[in-house]
Amino acid sequence: EFNMVSPLCTQTLEGIQELVLFHATFVLNFSILNLTFSIVALVGNLLVISALWKASSVPSTLRKLFINLAFSDLAVGLIPQLTFGIINATMLKMVASENHNFDVFCPIIFTFYHFSAFLLASASFFTVTTMALDRFLAIYLHLRYHELVTSNRVTAVLAVLWFTSGICATVFIAILGRSEERRVGK
């Protein structure tokens with residue numbers, strides 16, 4: 001199963017390994033920024049979700065869309081951004097202790113990182129697109145908007161949005177893995 005992502009993992013590992021070995025100060029600063037922004041994303045999006053949950057003046061359909069966007073952005077801060085910061089910090093620690101065997105990160109950790117990053121980026125993008133479409137429909141349909149855009153329909157759209165994001169992330173991993181296999185000539 002992981003054979004198709006192995007070249008992608010190897011390529012990612014080689015790029016990060018080169019940075020860690022030759023630009024350790026940059027990687028350290030980058031790790032600190034990733035970890036700091038991960039905390040900011042967590043706190044900021046939890047505050048947004050809390051405020052939206054209590055807001056009664058925001059229509060329920062729009063509130064669901066905003067909460068979904070805040071949730072996907074919170075997950076970006078908690079999963080791929082935190083994972084990348086930890087990977088970089090761990091590699092720096094390994095180099096400091098004269099251990100240059102970074103193969104422990106392949107393929108599971110890097111595949112998880114790539115999949116979660118693409119899944120959550122897709123979910124955020126599709127949510128923003130859905131919000132734009134929702135606002136267009138509110139203007140275009142005017143009085144018929146509340147009749148056609150219901151809370152149940154928005155929930156169904158969000159479920160499809162997350163399912164589509166999962167398919168996109170899976171296809172992304174598969175295509176990158178296969179294209180890298182072809183490039184390497186395997």
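How many residues does helix α4 have, and how far does α4 reach from its first C-alpha to its last? I looked this up first: α4 (residues 80-96) has 17 residues and reaches 24 Å, close to the 24 Å expected at 1.5 Å a residue. The expected span is 1.5 Å times one less than the number of residues, and helices are DSSP runs of H or I with at least four residues, numbered from the N terminus.

A note on the source: this is a predicted model, where local features need pLDDT of at least 70, side-chain atom pairs count only at pLDDT 80 or more, and totals for chains, interfaces and linings use all residues. Residues are numbered from 1 along each chain as its sequence is written, and side-chain values use heavy atoms, with hydrogens and water left out.

Back to α4: I found buried residues there, including F84, I87, M91 and L92. Buried means under 20% relative accessible area and exposed over 50%, with partly exposed in between (1.4 Å probe, protein chains only). After α4 comes E98, with a positive phi near 65 degrees.

Next, N45, which I found in helix α2 (residues 24-54). N45 counts as buried because its relative accessibility is 13%. Leaving aside neighbours within four places in sequence, N45 is in contact (heavy atoms within 4.5 Å) with V40, A70, D73 and L74.

Last, Y140: buried or exposed? Y140 counts as exposed because its relative accessibility is 62%. I placed Y140 in helix α5 (residues 108-141). Its C-alpha is separated by 28 Å from that of A121, 19 residues apart along the chain.

Technical notes. Helices (H or I, at least four residues) and strands (E, at least two) are DSSP runs, numbered from the N terminus.
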